[in-house]
Structure formats: structure tokens, C-alpha cells
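Please keep the structure open while reading.

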Amino acid sequence: MRNHGLSQKDVNDKLTRIIKKDTNFNSGKILGSMCTTPHSFSQKIYSKYLEKNIGDPGLILGTQKLENDSIRMIGSLLSYPDAIGNVVSGGTEANIIALWTARNYSNTSNAEVILPSHSHHSFDKAADILGLKLIKIPSKNGIMDVNHIEKKITRNTILMIGVAGNTPLGLIDPIDELSDLAIKFSIPLHVDASFGGFIIPFLRKSEYKIPEFDFSLPGVYSIVVDPHKMGMAPIPSSCILFRNSKFLNSISSNVDYLSGGQKPRKTLLGTSPGASIISLWALMNFLGKDGYSKIALRCMKNTQYLYEKLNTISGINIIQKPVLNIIGFKFRKIPNQLLAKKIRKQGWAISVFPTHIRLVIMPHINRQHIDNFIDSLSR
Ligand code: 0PR
């Protein structure tokens, strides 16, 4: 750090020069990210409440009420307004909490968790931290092959996981069948709807035929939904919801000294932005279901448009027909890494998986961006 500070103008000038290196969503070039520009209203609200720390919840009782209200609103989107839970930093923290609570509640040594092989790597982190064994089930056509599950269930199985909107292709595991297995073997089911949670409920209400994936299925015990993905909320923002407090109570702490006079929340982090909660609450109240439906439908229409355009390119292989706003493709004769290098050289930010290139058609992507991308790809 320098001894004497610079003027605000000098700092700003320096900053602007360096930040220029970043790729922005409004360039229309980011086609591989599950995040997007936060809604302008939520940005404004967020910046008003930067000092709020929900790590000391008793100090900010109003914000705490908004957190409870937000969880209730999202619970009702997921067919269970009585759900309890918290707004946390991201899908990773939320998934860690899901496994942490399940492990503590079960009190099983050598505990095992059954999950699809396409699960997000946050579960690998969680298992590593918590000393859990992950039993990965192969995918068939991009979703969990439930036929392999029953023989993997043992008395050490403490949790099953299904994904609604998976990372590689945005596909949805057969949560209804997983729920049946969960009930049959009395094993709780956790649904990772980090990506899907803020789009599936709105598509289900329109012409899209998407099967049930939420608390309407009796085996589903917990769900993760990330407002900082399709919810257009500022980063960081994720929600972990539980059917009841059984599991959550297993991670309560004995800390009594907080200045607000309450115990810490049952989450992983300490000091955390209350602004995430406040801006999420404000955005959900502002957009309502109608606003979110419009965003969801526009993303799906753009996905269909891109899908049709991609299909006209010779040599291309689209991995699966998209169910949500994610498309995976490859070229028959070009290795994916080489293809990705070529696309990135033209300024496009895309994701590369061993099997395909992933495109995520988020709210910041419009038809012109798609046409530009198709032009690049056809060259
Ligand atoms: N669960 C699923 C199904 C996910 O896809 C992700 C993240 C998570 C959990 C973890 O969420 P957090 O990143 O909020 O902890 N999936 C994105 C991905 O891997 C994360 C991301 C987002 C990566 C934007 C890059 C990016 O630009 O694609």
C-alpha cells in the first residue's frame, strides 16, 4: 500500500484502465456463464445497504424479516411456502450446507451420498471437507440413470441428490423417480436447482412440459436455488430451503456473544451481505411472477432460435435438445479444445466440457448476439 493516498480521480482513472481488461455481459460475448447483469433495480437497492451484515442477525431485525419473507416466497414457488432456510453466498455454500446438515443429523460413520456423475464440483468440495464418500451414478442421455441407484443404496447412505438444470447441459434428472426411491428407502433427497430454480417454475406455468422437481414430491427434503443465476439478483445470492428444521438444527452453534444478542444463522459463513437479502426481496416484489416469466420465456425463445441456427451448420452435432436455456454442441471432426480455442480467439467466452462446448443463453443475450456468434462459427 502507498504511504499517501491518490486523489479519487487518479484512483478511478487507474481502475478504469485495469477493469477494461474484463469481459462484460453487455458486450454480448459471454455465452458460457450462468451469471448475468443483475437487474438495474436490484443493483440500486444493493448499493443502498452495503453496511448490513446478516452475520450478526440480531442487529438487523428488519433484514432478518426480509430473509424469512424471501425464503417463504421462494418456498411457495417450489410448492412449499412453509419451507425454512437461508439466503447464502452461492450454490457451493448451499450444497455444502445440505451435505453438512445431512451428515450431522444422520450421525452415521462412513456416510455415503448418492448423486449423478454430472453433479457440480461443489459436491466434491463438500465431500472432501466433510469426510463423506460420494457414490456417483452414470448418466444416460445426459440425466441420472435411476436404474443404477437401488443396488448402490446401503445402510451408510445418508442422502441422495438430483439436479434440476445440470451444469453441463441444463438437463433435469428424473426427480419424481428419485423421490419414489427416497420414500421407499427412507433416505432424504436433496435437489440442486441452483440454475433451474429460477426458470423451471415459470416455464412449468406456460406451454413448456417440465415434470415436477420440487417440494410437491414427498421425498424432496431440501432444495438449492440461486437468485444470482437466473434470478437476476446481484452476486452473491443463493437460497437453501428445507422442508423442516430437523437437519438445520444439527449445525446450530453455541456462540452467544454477538452484539445483536442472537445466535449466528445456521449457515457456513460469518459476516455476509445483508444487501443480498434486501435486494433479492426487492427484486422479487418488483418483478413478480409475471416479470420472471417474461425473462424465462425470452431466454427460451432465444435458445430455440440459436438451436435452429446451429442446426443449419454442417458438421455440427447438438448433444441434446435443450430443456432449459443451455445448449451443448461439438463438431464431428474437430476436438472440443481446439474448437474452443478457435471460438475464444474471436472474443467469445464459452465453456468447454470434455464432451462438448456449452452455451448458456442468459438474459443478457439477444438475437443480434446470436447472429454474430453463428457468423463467427460458420467462418
Ligand atoms: N450447482 C450447479 C448445478 C451449478 O451449475 C453451480 C455453478 C453450482 C451448484 C455452484 O454455484 P456457485 O458458483 O454459485 O457456487 N455453476 C456455474 C458453472 O459451473 C458457476 C459459474 C457461473 C461458473 C458463472 C462460471 C461463470 O461465469 O458453470
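Helices (H or I, at least four residues) and strands (E, at least two) are DSSP runs numbered from the N terminus, and two strands count as paired if DSSP finds at least two bridges between them. The pair belongs to an open sheet of four strands in the order E10-E11-E13-E12, with antiparallel pairing, whose edge strands, E10 (316–318) and E12 (351–352), each pair on one side only.

Helix H8 (residues 274–311) lies across E10, E11 and E13, running at about 10 degrees to E11. Contact here means heavy atoms within 4.5 Å, while axes are lines fitted to C-alpha atoms, for helices over the stretch in contact, with angles from 0 to 180 degrees between N-to-C directions.

## The seven-stranded sheet

Seven strands form an open sheet of mixed pairing, in the order E1-E9-E8-E7-E6-E2-E3. Its edge strands are E1 (84–88) and E3 (133–137), each pairing on one side only, and the twist averages 20 degrees from one strand to the next.

Within this sheet, strand E2 (residues 112–116) and strand E6 (residues 157–163) run parallel and are joined by three bridges, with Ile-114 opposite Met-160 in E6. Helix H6 (residues 175–185) lies across E6, strand E7 (189–193) and strand E8 (220–225), and runs at about 170 degrees to E6.

## The ligand site

The ligand is surrounded by 17 residues, the closest being Thr-92, Asp-192, His-228, Lys-229 and Arg-358; a residue is included if one of its heavy atoms lies within 4 Å of the molecule. By class, this shell has two nonpolar, eleven polar and four charged residues, where Ala, Val, Leu, Ile, Met, Phe, Trp, Tyr, Cys and Pro count as nonpolar, Asp, Glu, Lys and Arg as charged, and the others, Gly among them, as polar. Helix H4 (residues 91–106) provides the largest share of the shell, three residues.

A polar side-chain atom of Thr-92 lies 2.6 Å from an oxygen atom of the ligand, one of Asp-192 lies 2.7 Å from a nitrogen atom of the ligand, and one of His-228 lies 2.8 Å from an oxygen atom of the ligand. Of the 590 Å² of accessible area that the ligand has on its own, the protein covers 75%, the areas coming from the Shrake-Rupley method with a 1.4 Å probe.

## Backbone exceptions

Most residues other than glycine have a negative phi, and most peptide bonds are trans. Asn-110, in the loop between H4 and E2, has a positive phi near 55 degrees. The peptide bond from Ile-235 to Pro-236 is cis, with omega near 0 degrees, and Pro-236 lies in the loop between E8 and strand E9 (238–242).

## Basis of the values

Residues are numbered from 1 along each chain as its sequence is written, and side-chain values use heavy atoms, with hydrogens and water left out. As the model is predicted, local features need pLDDT of at least 70 and side-chain atom pairs count only at pLDDT 80 or more, whereas totals for chains, interfaces and linings use all residues.

Definitions and conventions
Polar contact = N/O pair within 3.5 Å; in protein donor to acceptor, adjacent residues only side chain to side chain.
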